[in-house]
Amino acid sequence: MLIFPAMLRSAHGAHANVSRWSARLRDSNAFAALADEGRSESGVTLIEVVISSVLVAIIAIATLSGFDAAGRATADERQHNQATLLAGQDQERLRGMNVTELGRLGTTTSVEKIDGTNYTVTSEAQFVSAAKEEFACETSGGNADYLQTTSKVTWPALGSREPVSQSSIVTVPTSTSLLVNVRDQANEPVEGATVKVTGKSTGATVEQSTPSSGCVIFGALSDSEVGITGTKAGWINENLETEPAATEAQLSSLSLVSKTFVIANPGTLLVEFESAGNKVQGDTVYVAHTGAPEKVVGTAGAYSSTISVPTLWPYQTAGSPPGESPYTVYAGCKGLDPGLTASPNPIVGGKKEVNTPAPQVNPGLVTPVKVELPAVNIKVYEGESASKPGSPDAGAEAKLTFCGTPRVMKTTSTGALEYPYQPYTKLTLCLTQVFGTQRYKFSTEVSNLARAGTPLLTVYMKTLAYKSTTGC
């Protein structure tokens, strides 16, 4: 009887423990489910936050871009308004100038800085012909009846757009006027040339710089007789002059007088001496072109492998590409070339031995040209004859005379001439040497007309026939 109640209590305790563990298990499962649900909801919330942020950024960028575009448009309009004001002010300034001042204006520029922006104002005055209703520089005949003033304003933000521009017309009173064109060798307009007009009676000088059209107009000139020059720094006329004398002109109040100046950027020929393809040394060259001053460049007896011939007119035949009118170039002086237009082109047996193209002169460039020199071949010995030649005669004095000028040199340790390469020509050779108290002299005529040079000439200086009391 006592055992049964105890068993009942023990069974009841075990049931209670099972109940408690079951409750705990249910609580654990519920917590896990709750945790999973929380994690799921947390992921959805993060995605929503990211999407919201992107949308806010897009809206903000669009809003700011709109503000920026509106700001730029406002700034551009403000700059246009400021440019229009500056153009108007410049027109007022030009209208306050007299006709003479406007006629001398040409094209000028100035810079105005306003609110941090640099505005470039370009002022220009051009004569206009009423008869042709176009610029006088672009007409033939007519007169310079009006002056058209133009003010153009640009600024950095304008870019490639058209500048803000304003123009006015000013009547020119009856007066003498002059149109001057400056052209190059290809009949193209020359920009940046300086045109000067000097009155014969007053001595007053006015000048303008040519625009891209190469044309300038002088109006309201006080003198009817003037001297005119059209030049550009470093450029030459067909007479190879950089500062030519003024051209005289008689002006009229009834018609527009026109003058044209032709100038060009000169070219240079770089003469390179050679013989049978090898570089040698020469002293002078002759350069010429039909209608141009001829030149002899270099110094007799001053030998070098190259000679520069600067300040040459770049001739061009009308309607032809550049380089259609070559120069004549050969060694020595005028008259030495054997009847040909270019060197080296020696004639041997009535036929041209070499056919090298004549050089072209290009404006502003250096053009190399090869000029051939054949050799005067001699061998000088100190002895008396072929049987008693002695040593090669080093130090004998030699004179080669052509173009009216002797070239004085020595013989070398091999008995050859110090400078054997000479122009295609007939020349006089004279050798002299003193042994002890006795002087010897040898003289002969040499025809240096073959590309291979002269046949070898052997000289024995102590030959009795060469005794002399005088030198060469």
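# A guided tour of the predicted model

Begin by selecting strand S15 (residues 284-288) and strand S16, which run antiparallel and are joined by four bridges. Strands here are DSSP runs (E, at least two residues), as helices are (H or I, at least four residues), and both are numbered from the N terminus. Two strands count as paired if DSSP finds at least two bridges between them. This is a predicted model, in which local features need pLDDT of at least 70 and side-chain atom pairs count only at pLDDT 80 or more, while totals for chains, interfaces and linings use all residues. Residues are numbered from 1 along each chain as its sequence is written, and side-chain values use heavy atoms, with hydrogens and water left out.

Within the pair already selected, pick Val-285, whose bridge partner in S16 is Val-297.

**The four-stranded sheet.** Next, select the open sheet with the order S8-S7-S10-S11, in which the pairing is antiparallel. Which strands stand at its edges? They are strand S8 (205-209) and strand S11 (247-250); each has a single partner strand, so one side of each lacks a neighbour in the sheet. The twist in this sheet averages 25° from one strand to the next. Strand S10 (residues 225-231) is joined to S11 by four bridges, and Glu-225 has Gln-250 as its bridge partner in S11.

**A buried loop residue.** Move to Ile-263, in the loop between strand S12 (257-262) and strand S13 (267-275). Is this residue buried or exposed? Ile-263 has 5% relative accessibility and therefore counts as buried; buried means under 20% relative accessible area, exposed over 50%, and partly exposed in between (1.4 Å probe, protein chains only). Leaving aside residues up to four places away in sequence, Ile-263 touches several residues, among them Val-182, Gly-230, Trp-235 and Trp-313. A contact requires heavy atoms within 4.5 Å. Select Pro-314 as well: its C-alpha atom is 10.0 Å from that of Ile-263, although the two are 51 residues apart along the chain.

**Two positive phi angles.** Most residues other than glycine have a negative phi. Select Asn-187, which is not a glycine and yet has a positive phi of about 65°. Asn-187 is in the loop between strand S6 (176-183) and strand S7 (194-199), and is exposed, with a relative accessible area of 53%. Then select Thr-311, where phi is also positive, near 55°. Thr-311 lies in strand S17 (residues 306-312) and counts as partly exposed, at 30% relative accessibility.

**The helix.** Finally, select Leu-55 in helix H1 (residues 3-95). Leu-55 is partly exposed, at 48% relative accessibility.

**The whole protein.** Of its 472 residues, 36% count as buried. Among contacts with a separation of 6 or more, 62% are between residues 24 or more positions apart.

Note on methods:
Axes fitted to C-alpha atoms, helices over the stretch in contact; angles between N-to-C directions.
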